[in-house]
Amino acid sequence: MNTLARSMVLALVALAVLVALLVSTGHAPLPALSALANGAFGSTYAVSSTLVRAIPLALAGLAVAVAFRAGLLNIGAEGQLLIGACVATATGALLPDVPRVLAVPLMLGAGALAGAGWAFIAAELRRRFGVLEVISTIMLNFIAIHVTGWLVRGPLQEPTHIYPQSASLPVSQQLPMLIPGTRVHAGVVVVVLLAIGLWWWLRESASGFRLRAVGMNPFAAASAGQISVSRTMVGAFLLSGALAGLAGSVELTGVTYALYENFSPGYGYTAIAVALLARLNPLTVLGTAFLFGALEAGAGAMQRNAAVPSVVVSVVEAALILLVVAADQLQSRAAQRAEASV
C-alpha cells in the first residue's frame, strides 16, 4: 500500500473513531461533523484559520521528522518551540526601531538558534553521558514551560506589569499578510520552501544520505568507516531544534504578536503525530499538518455550534498516532513473514 492510500485509510478509520465517540457521548454525528467541516473549510476565513494552524504544526513536524530519520526520538519540539518564541520576543525588545526587512529575519533567526541551543543540551547529554533523549527532551519541555511563565511575569512582561504576557509586537516586527482579509501570513512560504529543501537534502545530498544511514542502522553506518555517527546525530539534533525554534518565532511574529503563558496549545506534541502520519517525508508533512490544522480549526466550531467538547478531537488525534504505530507494526510483520517464506 503506497503512502497516499495508507494515509486515506487511516483518515477514514479516524473518521469512524470520531463518529463512534460522538454517538457514545450522546451527540448527533451529522450536525457535529458539519460544524467541524464548516469551521475548517466553510469560508475563506475558515480556510485561512486552518492554514494558520497548520504552519507551526508543519515546522514542528519537520523538526520531528528530521530527528526521527536520524534515529533520535526527539520529544522536545514543544520546549524548543517555546524557547524559540522567548528568544525571538527578547530580540524584538532589543530592536524597537529596526526596519521590518531586518527585524523580522533577525527575530526568526534568533528563534531558530535558540531552538537549536535548547536541543543541544539533550544532544550533549546523550553524547557524553548516554542519557536517552526521550527522557531529557521531555524534562526540557517542562523547564521551557516554566521559563516562559517566569519571563512573561518578569523580564519580558508588558510595561503596565498587570498581565502575564509580553508587550505586543509593533508592525515592524510582524510577518506580512499574504492575502488581505485573511490570517494567512508569509510563514506559509517559509514552510513550503523548507519542506522542499529538506526533501531534496535528505534524498539527494551526501550529508542527507549519512543522516538516513545512521537512522536505519548506526552500527552499519559506523562500520562503513566514512560516517561519524556521533557528529551526524548532534547535527540532526541541532537542525531539528532549529526548525522547532523557528516554529515558535513564526507563530509569534505571524499570529499571536505577543508571548504569554500557554503560548503553544501543544503544537510540539501534535507534531509527532504529523510526522509519523507523513512517514517522516518532509513533503507529506505539509499534507498531514493541513489535516491536523483542519481538526484544530474545526474543533472550536464544533464546540460552539454543536456543543461537542473540543477534547474529542484530541482523542481522535491520539487514535491516529496509535493507528500509525499499529499499521507500521503490521506492515513490518508482513514483510518478515514474506522473507521467511522465501
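**View 1. E133 is buried, with a relative accessible area of 4%.** Here, buried means under 20% relative accessible area, exposed means over 50%, and partly exposed is in between, using a 1.4 Å probe and protein chains only. Keep in mind that this is a predicted model, where local features need pLDDT of at least 70, side-chain atom pairs count only at pLDDT 80 or more, and totals for chains, interfaces and linings use all residues. Residues are numbered from 1 along each chain as its sequence is written, and side-chain values use heavy atoms, with hydrogens and water left out. E133 sits in helix α6, which covers residues 133-152. Which residues does E133 touch, not counting those up to four places away in sequence? They are G71, L72, L73, N74, R126, I138 and F237. A contact here means heavy atoms within 4.5 Å.

**View 2. Y257 has a positive phi, near 60°, and is not a glycine.** Most residues other than glycine have a negative phi. Look for Y257 in the loop between α10 (229-256) and α11 (267-277).

**View 3. L280 is another residue other than glycine with a positive phi, this one near 65°.** You'll find L280 in the loop between α11 and α12, and α12 spans 282-306. Is L280 buried or exposed? L280 counts as buried, because its relative accessibility is 16%.

**View 4. Zooming out, the protein has 13 helices and zero strands.** Read along the sequence, the pattern is simply α-α-α-α-α-α-α-α-α-α-α-α-α. Helices (H or I, at least four residues) and strands (E, at least two) are DSSP runs, numbered from the N terminus. Contacts also tell a story: among those between residues at least 6 apart in sequence, 74% join residues at least 24 apart.

View 5. The C-alpha atoms fill a box of roughly 70 × 55 × 35 Å along the principal axes. Of the 342 residues, 47% count as buried.

**View 6. The accessible surface of the protein comes to about 16,000 Å².** Carbon and sulfur atoms account for 68% of that surface. Accessible areas come from the Shrake-Rupley method with a 1.4 Å probe, and for residues only the protein chains shown count as cover.
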